[in-house]
Each structure stands twice: as structure tokens, then as C-alpha cells.
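Subject: Structure handover

Hi,

Here is the structure I promised to pass on.

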Amino acid sequence: MVKKNWREFARNNVVTIMFIVLCAVCMVLSGYTPSYVVYELFGRLSRNAFIVLALIIPIIAGMGINFAITIGAMAAQIACILVIEWGIQGFTSFLAAAALTVPMAALFGFGIGKILNKMKGQEMIGGMILGYFANGLYQLLCLFIFDNIIPINNPDLTITGSTGIANTIDLAKNGMANSLESLWKLPAYQAVLVFAAVIAIILLIGYARSPRKNAKRLGIQIGTLAAVCVIMQIPAVKELFSMVMVPMATFGLVALLCVFNVVIMRTRLGQQFRAVGQSRVVANAAGINVDKVRIIAITISTVLAGWGQLIFVQNLGAFQTYGAADQVGLYAGAAILVGGASVVRATNTQALLGTVLFHLMFILAPAAGKNLLGNAAIGEYFRVFMCYGVIALALVMHAWSSVAPRKKLKGGDKATDKA
Amino acid sequence: MHGINISRKQAIACAALIIAAVIIGAIGLYGLNARQSASGVTLLEEMRLQAILNTAGTGAVDAYVAAEKQAATKAVRAEGGGMKEVREASAKAAEEALARAQELGIGEVALSAIDTKPLASALNTLAEAQTAYFDEEARAQAAYIEAHADEVTVQQDADVADDGEEMSDLEMMEQTVDLSGFTATAEMQALQADVDAAYLALCEEIKLVFPALTDDILTSLKATITGIVAQSGDTFETRYDRAVEASGMQPGANGWIMRNGRTLALSAVGLCILALAVFFYGPLVAKLGVPRLIIGMFFVLLCLMALILDLSLTSQLSNALVRLGMNGVLVLSMLPGIQCGISLNLGMPIGIIGGLIGGLLCIELGMSGMSGFFFAIAVGLVISAVTGYLYGQLLNRLKGDEMSVTTYVGFSIVSLMCIAWLVLPFKSPVMKWPLGDGLRTTIGLQDAYKHVLNNFLSFEVLGITVPTGLLLFFALCCFLVWLFMRSRTGIAVSAAGANPRFAAATGINVNRMRIIGTMLSTMLAAVGIVVYGQSYGFMQLYQAPRQMGFLAASAILLGGASTSRARISHVVIGTFLFQGVLTLSMPVANALIPGSTISETLRILISNGIILYALTKSGGATRG
């Protein structure tokens with residue numbers, strides 16, 4: 001029985017396990033020191049975690065991985081351009097861009113929802129092509145409408161000698177770069193204490209308000225938190241995290257989004273997401289307006305993706321006007337799948353674990369490729385291949401399980417080879 | 001014609017459009033006519049004369065002022081003044097001389113006041129000489145480009161390799177030979193002497209009008225004056241614009257009509273077509289669908305724009321023909337996939353890679369010409385038959401979910417092959433990076449099979465170069481597929497795609513038919529990329545094959561196919577329309593907004609828009 005459970009677990013999480021092994025091998029091959037890897041990882045996590053978490057709601061609502069989040073990212077970039085053009089400075093500019101992203105991304109999300117409702121069952125490919133199409137419109141906007149029809153007066157934004165928005169937008173000049181991170185930074189061992197304290201308070205409030213006073217569970221949870229805090233204070237662990245300065249505001253936002261994802265599932269709307277995700281026919285019969293619920297799911301996801309992209313670009317301090325949004329959907333989708341999510345099931349934990357593993361690979365693969373084969377480009381291509389391969393594998397496995405739910409997955413090995 | 005219901009609104013719009021077209025067309029034709037008429041010719045001639053006299057007049061004033069200045073300086077010097085006095089006197093003299101020149105009207109002359117006949121004839125002689133010179137120059141340069149066509153190099157390698165972005169094959173048509181080595185031919189020099197002589201004759205006439213002019217000043221004015229008279233690649237419009245600008249005359253409504261006669265006449269044609277489209281809106285939409293109608297109209301618009309902007313429509317059309325043959329087989333490879341029920345085969349890059357390996361082997365073994373071309377195809381067919389079979393097996397296990405899976409399987413194979421291109425042990429220096437490991441991103445096929453089909457039996461009709469071999473090969477492929485689809489197996493394949501359950505009930509092995517369709521699609525993709533490469537002259541590795549599936553899919557959809565049904569005619573029409581729009585949009589866009597990449601944007605919009613449209617049509621029906 002135990003053995004069977006173990007096999008079941010392995011099969012369900014084949015991608016995650018494969019990735020853990022791969023990361024371990026790459027870690028050995030790369031020759032990086034652990035503290036450097038942890039430092040890099042924290043930087044990437046603070047940039048990318050938010051946008052990966054934005055994928056959860058559409059997955060639960062049965063629309064698969066929302067590759068159209070690239071459009072939310074484009075909304076954020078347009079907001080950045082406008083904020084710079086209006087000369088807003090510092091952290092205010094970040095807030096202004098975030099506020100400006102909402103109406104744009106909501107509008108785009110509504111449009112995406114409308115279109116995806118016309119291609120039910122093909123949402124993923126539809127979303128991807130929608131992203132490409134939107135990229136064309138975005139280019140049209142940035143190259144031919146801005147600066148030609150809508151005047152842009154800030155010379156930093158435009159291409160010198162031609163018309164249109166410049167290839168790179170620098171966020172350092174108006175102080176948006178790192179404005180969120182620099183609000184409050186703590187060394188890792190202190191940051192853990194703060195987060196643990198906040199979580200403990202939330203747990204206690206939950207305990208006080210819950211009708212069933214499950215003291216044992218609370219004890220275990222708080223015990224775990226305390227243990228983590230204590231472990232972080234051990235000198236060896238402290239050494240490992242020595243280079244990390246945790247940007248509290250960014251991780252605070254990520255935590256808030258996790259809470260939001262949990263809380264919304266307990267509301268009426270969340271139940272409707274789940275019902276529509278499980279079966280549109282049944283949900284429809286139960287009197288749920290399926291199309292509307294799907295539009296809401298996509299709209300929320302698009303707005304969150306916009307914010308995620310804002311966090312991403314302000315962390316980097318600059319972005320490529322015409323390329324930054326292209327790969328957002330691909331990387332985020334691959335990350336969440338690596339964490340063990342499927343195209344019909346996803347949780348916060350999977351999203352966060354996936355982001356960690358996926359970006360660990362991103363950090364390690366080029367160096368590992370260079371050390372193993374003497375060519376960094378191989379590592380580069382390998383990680384691109386992993387992105388696509390993971391998505392392809394997840395889709396193949398999902399398709400198999402839905403075509404033959406009872407049949408034994410005979411070709412599983414072959415699919416693994418392909419990835 | 002029965003069955004066409006025309007609403008009131010439609011009729012009114014149609015009538016309004018036609019009336020507008022007739023009026024505009026009449027004005028335009030009048031304008032075109034006026035160009036040849038006596039009054040029109042005189043108008044342009046007068047403006048030109050005025051322009052030249054203005055220029056010469058400025059020169060005359062300059063000469064007058066300079067003379068006065070010199071005199072003043074000399075006078076002050078003679079009195080023994082210092083530098084300061086000299087400068088002041090000279091400035092004062094210049095001011096006074098300028099005022100006097102204006103008062104006396106030295107730089108101005110009314111056309112009516114002088115005998116323009118000899119001037120005009122001298123001017124015409126100069127214009128003719130210049131036109132002859134420019135014609136000869138264009139001919140000589142064309143010959144030079146022809147002779148040095150092999151030197152064309154593509155800006156490749158470094159920048160492409162970095163970001164992995166695909167290089168636009170649209171730029172193929174824009175490759176230019178470096179003209180810095182071009183020197184004037186003997187004929188050109190002779191004609192240049194004629195121009196010089198004619199200019200001297202004109203100068204004599206001008207001197208009669210402005211006695212103050214010296215030879216030095218006239219020599220320095222030569223560039224300006226000849227520039228006004230004629231320039232390389234001149235049309236009536238450009239000549240007219242220059243004359244208006246330099247003469248400062250207001251030619252009035254008549255002149256404007258003359259200037260814009262061509263634009264007006266072509267706009268009238270456009271309006272007529274629009275009126276027809278409005279009139280037959282119902283049946284057209286029913287037959288073509290909205291997107292094809294929009295893109296068809298867009299194509300017509302582009303053709304008219306090309307004519308208005310005076311771009312060579314014939315050369316653009318021959319480009320479109322080449323691109324039809326170049327992309328045709330790739331698009332054709334979509335057909336068996338759609339027919340056998342795997343929908344759009346966005347995993348087509350799998351087949352493309354087979355063809356690429358074929359091409360690489362051909363270079364590696366040093367084969368060239370036709371034999372190399374067919375060798376590449378043969379190798380491509382073998383490899384893609386194997387991969388296509390495996391791919392078909394995979395697709396049989398995930399019926400109904402093919403498109404998103406195939407896309408990502410295709411993508412992952414392409415990126416896997418990126419690693420392979422780096423490590424495969426090819427030796428030929430044509431393919432390897434000069435430094436470091438791996439194959440180049442873009443490999444030139446000059447020594448292999450570049451243009452073997454394009455140049456086979458190619459001929460020219462009405463200025464359009466017909467790439468006979470290429471089109472014949474495309475037609476042959478179409479014919480073979482058509483034949484196959486009518487064979488017993490082909491019909492079974494179609495049946496399995498159209499209604500798998502019914503097909504299975506009639507004893508057709510649906511899985512086998514799907515594999516046959518997938519294999520055929522993959523193999524055609526391999527052939528397609530070899531044909532594409534021989535036309536393009538380059539082979540693109542790494543990320544380039546990734547988007548090709550989308551382009552081919554959008555072309556066949558544009559031709560009228562759905563995600564479940566396709567015909568050969570869809571392939572031909574779709575490819576021509578898609579490529580025609582792309583080829584034409586580039587020069588038109590560049591003429592309107594120089595240096596823009598709008599045609600690239602357009603390609604993204606059209607290709608993805610059409611796939612989206614097809615998806616909404618296919619997915620909308622299946623509810624629940």
C-alpha cells in the first residue's frame with residue numbers, strides 16, 4: 001500500500017522530481033558557492049514569484065495556463081512609459097504605474113476573456129497566439145502611435161533620429177528602479193523572524209475565530225515556524241544567507257497574493273471558479289454564468305500579471321520595450337508546471353516551489369553547460385529547451401490522462417525522453 | 001444575380017462612392033491630360049524658368065554685393081584705415097549694396113519682361129541631356145549590380161546569434177550590392193559632357209538676363225540649377241514639387257490638379273473597387289469571410305499605394321511570385337495535417353529540421369546544383385518520414401488536444417536541435433563559426449543549390465520575372481498531393497479526419513490514416529524548407545524554424561481553409577495573398593515612414609490575427 005502510494009506520488013510529480021535531480025546535478029557541475037546561488041535565487045524570486053502566482057486562478061477556472069499574461073505585462077510597460085513621460089518621480093511613480101496598470105489590464109483582460117470564450121478547450125494555444133497578436137498591436141502602439149499621433153516629449157523615451165519609443169526604457173532616471181525593494185530591506189535571519197511573527201499572528205487570529213479549536217494543528221504550525229526561525233539563527237545557515245538582503249515589501253506583496261489566492265477560493269466567486277473549472281456543463285446547469293466567471297478569472301489574472309511585470313521591471317531597473325513581455329507567459333507557465341501543477345490543478349505552494357526550482361535551473365544551467373561541455377551556449381539552449389519541454393510534457397501528460405483516465409500510462413517513459 | 005439583397009444603406013453608400021469615384025476620376029484624368037497639353041507644359045516650363053532665374057538672381061545679388069564690398073574695402077585701404085575700419089566699411093557697403101540691389105531689382109526679373117524663348121530652349125536641352133545621362137547611369141548601375149550579384153552579403157552572425165531573434169526573410173529582396181566600386185562608364189562620361197555643354201549654353205542665356213553674374217558664381221550654382229532641372233529617378237510629380245518650391249510661384253488649382261492627377265485617378269479606381277465590395281458585400285462575406293475580405297481589400301489598397309508612390313509594381317509582383325513558390329510547399333504541408341484530423345500542424349518545425357539536416361549534409365558532402373538540391377530533399381524525406389511516424393504515434397494518443405501540444409512539442413524539438421547544431425560534427429568551413437564551436441545561424445547556399453529552381457527556365461514577361469522552375473516544382477507538389485488526396489488512401493485519410501467514428505465504422509483504420517497524414521505533412525515540410533532555402537539563398541538554423549509553422553498555418557487559413565478542411569486552392573490563394581501583402585507592404589511602408597519596421601509588425605498582426613479568427617470559428621461551436 002505504502003509502495004503504491006509512493007509510486008502514485010512519483011508519477012504525479014515526475015516533472016518536479018526530475019527538476020530537483022537536475023538542479024542537484026547542475027549545482028555540483030556549476031561550481032558556484034551555495035551562498036552565491038542563494039543570493040541569486042532570492043533576487044530572481046523577488047522578481048518572478050508574483051507573476052507566477054497570477055496564473056493560479058485561471059488554472060482553477062479550467063482555462064489552463066494563461067499564456068495571455070504577456071498582455072498584462074504589456075499593460076504594465078505602457079503604464080511605465082506614460083509615468084516616465086509625465087515626469088512622476090520615485091516611489092510615487094511605482095504607485096502611479098500600478099494604479100494605471102489596473103484599468104488597462106482589466107480592459108485587456110476583459111477582451112481576452114471574450115475571445116477565449118469563443119474558443120473553449122483551446123484556451124492555451126489561443127492565449128499564446130493572442131499574446132503574439134497583442135505583441136503586434138503593442139509594436140504598432142509604441143512605434144507608430146506614440147511619438148507620432150500621441151506626442152512624447154521626454155527625449156529619453158524616443159529613438160533618436162527616428163520615431164517611436166526607444167528600445168530600452170531606463171527606470172533609474174525617474175527613481176522607479178528598485179523603489180519597492182529599497183523601502184525596507186532586512187538580512188535573511190531577521191526577515192524570517194518578521195514573517196514568522198506575522199504568520200503566527202494570522203494563525204492565532206484564525207484559531208480564535210474558528211469554531212473548531214484545533215489546538216494540536218495550531219501547535220504544530222507555530223512549532224514549525226519557531227523551528228524555522230531557530231534554524232535560521234544557526235551560524236552555518238546564517239553564512240549561507242549572508243549575501244541576501246530580503247526586500248520585505250516585495251516578499252510582503254507575494255505573501256499577500258498567496259493569501260488573496262486562498263481567500264478568494266473561500267468566497268462565492270472562488271466556488272464558482274472551481275465549479276466552472278471542474279465542469280462547464282454542470283456549472284451551467286447549476287445556474288452559474290460560465291462565460292462571465294471565466295472573464296472574471298482572466299481579468300484578475302491579467303491585472304495581477306501587470307503588477308507582477310511592474311515588480312519585475314522595477315527590480316531590474318530597465319526593460320526592453322519590444323522584448324520584455326514576450327517570454328513572460330512561457331517562463332511563468334513553465335515555472336508553475338515545474339512546481340508540480342498541472343493544467344487543471346495549481347496551488348500557491350506549487351507555484352512558489354516551481355519558481356524556486358525553475359530559477360535555480362536558470363542560474364545553474366549555463367555554468368554547468370560550460371563546465372561540462374565547454375560551451376555556455378549549450379546551457380543557454382538547454383534551459384530554453386527545458387522551458388518548452390516542461391510545458392510540452394505537462395500538456396502531453398494531461399492529454400493522456402484525459403483521453404485515457406483509467407488506462408495505464410504506457411508511453412510515460414517516452415514522453416520523459418522527449419522533454 | 002438573384003439572391004443578392006441590397007439594403008438601402010448599402011445602396012446609398014454604393015451610389016455615393018461611385019459618384020465620388022466618377023468626380024475624382026474625371027478631375028484626375030483631366031489633370032493627367034493637362035500634363036501633356038500646351039497650357040500644362042507652359043505652366044511647368046514657366047515655373048522652372050522662374051526657379052532658375054530666382055537662383056541665378058540670388059547669385060547675381062551676391063556678385064553685386066561682393067563687388068561693392070571689395071570696392072569699399074579697397075577705398076578704405078587706400079586711405080590707410082586699419083582692420084577695424086576695413087571691416088566696418090565692408091559691412092556698411094554690403095548692407096547698402098543689398099538695399100540698392102533690391103531697389104534696382106538686380107536679382108529679380110519678371111518673366112514677361114524678357115524674351116524667354118532662347119532661355120527655355122536652352123533649359124530644355126539641358127533637361128534632355130540630364131535625363132539621358134540619368135537613364136544611362138541607371139542602366140550602367142543595373143549592369144554593375146548584375147555583374148557583382150555574388151558579392152551580396154547578409155548582415156548576419158553576430159547580432160542574430162545574441163538574441164536568437166529570427167532574421168526577416170523579407171529583407172532578402174532588399175539586399176543591395178555595394179556601389180562604392182562603381183565608376184562612370186564611357187557612355188556616361190560622354191553624356192556628362194553633353195550636360196556640361198548644355199549648362200554652359202544656359203549660362204550664356206542667363207548672363208544676358210543678369211549681366212552682374214560672373215562665371216565663378218555660375219559654376220558654383222551648377223549643382224543647384226541642374227538639381228532643379230532634373231534628378232535621378234525623376235517623375236512628373238517630383239519635378240513639379242521642386243519647381244514650385246524653388247520658384248515660389250502659386251500654380252493655383254489647375255496646377256494642383258495636374259500635380260495630383262495620378263493620385264486622383266488611382267484613388268478613383270480604389271473607390272470603384274470599394275463600391276463594388278460594398279455592393280457585393282453579402283455574397284463576398286459569405287464566400288470569403290470577413291478576414292479574407294479585409295486582407296484582400298488591403299492587398300488592392302497596397303497595389304494602388306504602390307502605383308501612387310510610383311514604386312515599381314512589376315518588380316514587387318515578381319517578388320510576390322518568387323515568394324509564392326518559395327513558401328508554397330511549406331504551406332502545402334499544412335494540408336494533409338488538416339485533412340487527417342490533427343488540425344493545424346504547428347509541430348511542423350519537426351519536418352523542417354529534417355530538411356535542414358538534408359541541406360547541411362549536401363553542403364558537407366560538397367554537392368551542388370540540381371543534384372545537391374534533390375539529395376537534400378531525399379535526405380530530408382527519409383529523416384522526416386521517421387520523425388513524422390513517431391510524431392504521428394504521439395498525436396494518436398492525444399486526440400482532440402493536438403494544437404497546443406504540437407506547438408510546444410515543436411518548440412521543444414527546435415530548442416533541442418539548437419544544442420544539436422552546436423555539437424554536431426560538421427566540418428565544412430561554410431557552415432562553422434570561424435571561431436568557436438557549432439554551426440552558423442545563417443548558412444549561405446551559394447556553393448550548394450541557391451536559386452537552382454528560381455533560375456531554371458526563368459523568363460521575363462512585361463517586366464515580371466517568372467521563376468518557372470520554382471513555380472513548376474510547386475505545381476508538381478500540389479498536383480501530387482491532389483492526386484494522393486483522390487486516391488483510395490487519400491480519401492480514407494480525409495474520411496478519418498472528417499468523422500473518425502464513421503470512418504472507423506466503415507472499416508478504416510483511423511490511427512493509421514492519421515499517421516499517414518502526419519507523416520505526409522512532416523515530409524512536405526522537409527521538402528518545403530529545402531525549396532525555401534534555395535530561393536532565399538540561405539539556410540536558417542537555431543530559432544528560425546520555430547515560427548514557420550504559424551506563418552504556414554496563417555497562409556492556408558487566409559486562403560480559406562478551416563482548422564478541419566482544406567483544399568489545394570486554399571494553399572495557392574492563401575500563399576499568394578499573404579506573401580503579396582507582405583512583399584508590397586514593405587516598400588510602401590518604407591516610402592511612407594522611412595526606416596520603419598511596420599511590415600514586420602504587419603506580418604505579426606496578419607498571421608496571428610488570422611489564426612485567432614480560425615480558432616474562434618472552430619472552438620465557438622463546441623460548448624460545454
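Is Leu422(B) buried or exposed? This is a predicted model, and in it Leu422(B) is buried, because 21 other C-beta atoms lie within 10 Å and 20 or more is the cut-off for that label. Leu422(B) belongs to helix 18 of chain B, which covers residues 402-423. Leaving out residues up to four places away in sequence, Leu422(B) touches Asp437(B) and Gly438(B) in chain B, plus Asn375(A), Ala377(A) and Ile378(A) from chain A. There is also Leu439(B), 17 residues from Leu422(B) in sequence, with the two C-alpha atoms 6.0 Å apart in space.

Those chain A neighbours bring us to the interface. The contact involves 42 residues of chain A and 36 residues of chain B. On the chain A side, the elements that give two or more residues are helix 7 (123-145), helix 13 (280-285) and helix 17 (376-403). Helix 17 of chain A gives the most, with 15 residues. Sorted by class, that side of chain A has 28 nonpolar, 11 polar and three charged residues.

Next, the cores. The largest nonpolar core has 260 residues, and Ile69(A), Met361(A) and Ile556(B) have the most contacts inside it. Helix 17 of chain A turns up again here: it gives the most to this core, with 19 residues. A second, separate core has 40 residues, among them Val65(B), Ala122(B), Ala129(B) and Ala243(B).

Not counting residues up to four places away in sequence, Ile556(B) touches Val331(B), Met334(B), Leu335(B), Ala561(B), Ala566(B), His570(B), Val571(B) and Gly574(B). Ile556(B) is also one of the residues through which helix 23 of chain B meets helix 24 of chain B. Helix 23 (residues 548-558) and helix 24 (residues 568-592) have axes 6 Å apart, at an angle of about 110 degrees. The two helices are therefore roughly perpendicular, and helix 23 of chain B passes helix 24 of chain B in a right-handed crossing. From helix 23 the contact uses Ser554(B), Ala555(B), Ile556(B), Leu557(B) and Leu558(B), and from helix 24 it uses His570(B), Val571(B), Gly574(B), Thr575(B), Leu577(B) and Phe578(B). By class that comes to seven nonpolar, four polar and no charged residues.

Two other helix pairs are worth a look:

- Helix 12 (residues 268-278) and helix 14 (residues 290-316) of chain A have axes that come within 10 Å and cross at roughly 110 degrees, so this pair is roughly perpendicular. Leu269(A), Gln272(A), Phe273(A) and Val276(A) of helix 12 meet Val290(A), Val293(A), Arg294(A), Ile296(A) and Ala297(A) of helix 14. The contact divides into seven nonpolar residues, one polar and one charged.
- Helix 1 (residues 8-36) and helix 11 (residues 261-279) of chain B have axes that come within 7 Å and cross at roughly 160 degrees, which means helix 1 is roughly antiparallel to helix 11. Helix 1 of chain B passes helix 11 of chain B in a left-handed crossing. Their contact has 19 nonpolar, six polar and two charged residues.

Back in chain A, helix 15 (residues 328-338) is largely enclosed by the rest of the structure, because 10 of its 11 residues are buried. The buried ones include Val328(A), Leu330(A), Ile336(A) and Val338(A). Just after helix 15 of chain A, Gly340(A) takes a positive phi of about 105 degrees.

On the subject of phi, most residues other than glycine have a negative value. Asn178(A) has a positive one, near 60 degrees, and is not a glycine. Asn178(A) sits in the loop between strand 1 (168-170) and strand 2 (185-187) of chain A. With 19 C-beta neighbours inside 10 Å, Asn178(A) counts as partly exposed.

Finally, some totals for chain B. The chain has 25 helices and four strands, and 43% of its 624 residues count as buried. Among the contacts in chain B with a separation of 6 or more, 80% are between residues 24 or more positions apart.

Over to you!

Methods: Residues numbered from 1 in each chain as written. Chains lettered and ligands numbered in written order. Predicted model: local features only at pLDDT ≥ 70, side-chain atom pairs only at ≥ 80, totals over all residues. Buried ≥ 20, exposed ≤ 12 C-beta atoms within 10 Å, placed from the backbone. Contact = placed C-beta atoms within 7 Å. Nonpolar A, V, L, I, M, F, W, Y, C, P; charged D, E, K, R; others polar. Core = buried A, V, L, I, M, F, W, Y, C linked by C-beta atoms within 7 Å. Axes fitted to C-alpha atoms, helices over the stretch in contact; angles between N-to-C directions. Parallel < 35°, antiparallel > 145°, perpendicular 65-115°, else oblique. Left-handed = near helix turned anticlockwise from the far one by under 90°.
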